[in-house]
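Subject: Structure handover

Hello,

Here is the structure I said I would pass on. My notes follow it.

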Amino acid sequence: MNIKHIDMQTPNGAQLNLDALYQIAPSCFTEAKGEDGEVHRVVDFNKLRLLLGDQTVEDAPEVYDFTWVGKRAALQEAAAPINKTLRPCPEESVDWENTQNLYIEGDNLEVLKLLQNSYMGKVKMIYIDPPYNTGKDFVYHDDYSVSIEEYNEKRKDENGNRFWKNTDGEGRFHSDWCSMMYARLVVAHSLLKKDGAIFISIDDGEVINLRKICDEIFGYSNFIAQFTRKGSGGRQDSTYFAIVHEYVLCYAKDSTLFVSGKEIKEDEHYPFHDNESNRNYKLQLLRKWGENSRRVDRPNLFYAITDPDGNEFFPMFNENEEGCWRWGKETMASNIGKGLVEFKKKNGSWVAYERIFEPEEGEYKTKLYTTIIDDVSNSTGAALLKDLFNGKVFDYPKPVDFVTRIIKFGNVKSDDIVMDFFSGSATTAHSTMALNVEDGLSRNFIMVQLNDPVELNSDANLAGYKNICEIGKERIRRAGKKIKEEHPEAKDLDIGFRVFKCESSNYKDVAFAPKDYTQDMLAGLLDNIKEDRTDLDLLFDCMLRWGVELSLPLSSQKVDGCTIHNVNDGDLVACFDGHVTEKVIDAIAALSPVRVVFRDSSFNEAANKMNLFELFKQKCDWSDEEVRNNVRVI
């Protein structure tokens, strides 16, 4: 029995799609031998066409489609696996041991792929403010972005990444932007919970294209709203009109499951007091009139009740007026008995009102948010950040109040995850913490940001910041500290974050032809881990590959000279030391592990690996299949 190895690459997007299709249409699959000689599960398109009936199209002369140069390559890039990892940085983190928040440095497409195993279907809300396609500088790390020869000779930044102005003079001005967004949104879609949603800020330049991209990825039926947001006072250098708005698109993972946040009605006034119940109340007319309120249309709502004088009392003042009650007879009688109806004299006649009592503490009435956001100025974002840093360090940060509003739109509750993979100055992290202290909930955040360098001699550079990530992390530190100082009662507020950096794989590159190996190289390959990687690097890499969340608590213990790492009380237990003994296995088994991982070099002989299987069968009472599924090596 062979021990399985941890996968070194991220999930293959095509395989994820095949797995999803197999769940709903297993009859469309068969087995066939692949180029590697192994038998694989594959789609039988003839069966799939039969299953779909007439709802298929192939080589049709005219179909509705949205395409651009590079779209096919962008889709392939979204599905392609990568051989990278996220390296933990406790020294740059805050409250590493306890926090549930993450800050990840790296190209967001790569990071999204790396997070797929651990966070697929777990993110409640994504908010992004991607770079608008305005002709300014873009940094592309995607393989598809300059696939045509004439685009290959572009200048590069100091890290060797392609870097150029995406001006409207470029032949692929819109195509490059669409490709960049398409690949990222395809992967982001897989991370959303079934009742989750994505919110995307955008301006006039690409809003039409973004709508079409999202219609394709999320589905037209899952479009929720297009918000219009008033920003600044308007640029007077515009050609025709001073533009003061931008948009926020909202798409749900599944609109039938999505529940939007509601706005609390805070303008209610309860001017009267009921001594018996000791509660305030307001009055609302019990009669109604107008369309669909005529007595001929609603005869069940037109009847007499008894007024305080003991006389019959109809909903309208005289026979010539059309109207009716808002309640039927049974409801009216019940509510009169409960003291919910009050009579007042007006112009000598009685008028009936419903008593509406002020909500008890913890209760409240709500109303729908509107699609117009016109009460949050851009200047508040800049002013807040300037005050936090005692100087300007970032251009055009989004206001905290605005992003807080978006989180409310998404109906994000305690333990839900908010993600921003264009996090910039980390306004979304700041907003999540601010909202948590406002309503007492405990939302968590995942920020992702490429470590773009700040401009030389800029205010940020002169203040000592080398890249945007340094600004974002420092902003979270300062904002969290300030919130805690202003709200000493919020003792349990999570203002920490674990920092990770997207870097090359932990494993050595062994892709050489046999003739290229030397004796020294063969000796080095006895251990396939790079020399500069630590146990913590290996542990989090295993968590990524095996679908364990990166925010879970960690502990460790020493047994027989070996360190045993324990993630979340047995979710994953690892030992990367050499010469793993039976005492170590005993200690691991005592933790009732769900997953166990070792270093391949810990076992010098194949017999030792076989013995490992037998030990786990005995000590954990596992079957052969359970050992095969629950134990891995790297």
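Leaving aside its neighbours within four places in sequence, which residues is D274 in contact with? They are R279, Y281, R355 and F357, where contact means heavy atoms within 4.5 Å. D274 itself belongs to strand 13, residues 272–274. At 13% relative accessibility D274 counts as buried; buried means under 20% relative accessible area, exposed over 50%, and partly exposed in between, with a 1.4 Å probe and protein chains only.

Some background before the rest. This is a predicted model, in which local features need pLDDT of at least 70 and side-chain atom pairs count only at pLDDT 80 or more, while totals for chains, interfaces and linings use all residues. Residues are numbered from 1 along each chain as its sequence is written, and side-chain values use heavy atoms, with hydrogens and water left out.

The chain as a whole

The protein chain has 17 helices and 30 strands. Both are DSSP runs numbered from the N terminus, helices being H or I with at least four residues and strands E with at least two. Of the 634 residues in the protein chain, 44% are buried. Among its contacts with a separation of 6 or more, 70% are between residues 24 or more positions apart. The accessible surface is about 33,500 Å², and carbon and sulfur atoms hold 47% of that; the areas come from the Shrake-Rupley method with a 1.4 Å probe, and for residues only the protein chains shown count as cover.

Cysteines

A disulfide is a covalent bond between the sulfur atoms of two cysteines. The search of the whole structure finds zero of them, using a cut-off of cysteine sulfur atoms within 2.5 Å.

Helix 4 and its surroundings

Helix 4 covers residues 108–119 and helix 14 covers residues 535–545; their axes come within 6 Å and cross at roughly 70°. Helix 4 is therefore roughly perpendicular to helix 14. The axes are lines fitted to C-alpha atoms, for helices over the stretch in contact, and the angles run from 0 to 180 degrees between N-to-C directions. Angles under 35 degrees count as roughly parallel, over 145 as roughly antiparallel, 65 to 115 as roughly perpendicular and the rest as oblique.

On the helix 4 side, L114, L115, N117 and S118 meet M543, L544 and R545 of helix 14. These residues divide into four nonpolar, two polar and one charged. In that division Ala, Val, Leu, Ile, Met, Phe, Trp, Tyr, Cys and Pro are nonpolar, Asp, Glu, Lys and Arg are charged, and the others, Gly among them, are polar.

K113 also lies in helix 4. Is K113 buried or exposed? At 1% relative accessibility, K113 counts as buried. Not counting residues up to four places away in sequence, K113 touches T10, P11, E77, A78, A80, I82 and V187. Its C-alpha is 9.8 Å from that of S190, a residue 77 positions away in sequence.

A429 sits in helix 10, residues 427–439, and is buried with a relative accessible area of 0%. Beyond residues up to four places away in sequence, A429 touches F445, M447 and I476.

L286 is in the loop between strand 14 (279–285) and strand 15 (287–288). The relative accessible area of L286 is 0%, so L286 is buried. Its contacts, leaving out residues up to four places away in sequence, include C324, W325, R326 and W327. L286 and C324 are 38 residues apart in sequence and 8.6 Å apart in space, C-alpha to C-alpha.

Backbone angles

Most residues other than glycine have a negative phi. D560 has a positive phi of about 55° although it is not a glycine. D560 is in the loop between strand 26 (554–559) and strand 27 (562–567), and is partly exposed at 43% relative accessibility. N568, also not a glycine, has a positive phi near 55°. N568 is in the loop between strand 27 and strand 28 (572–575) and is partly exposed, at 26%.

Regards
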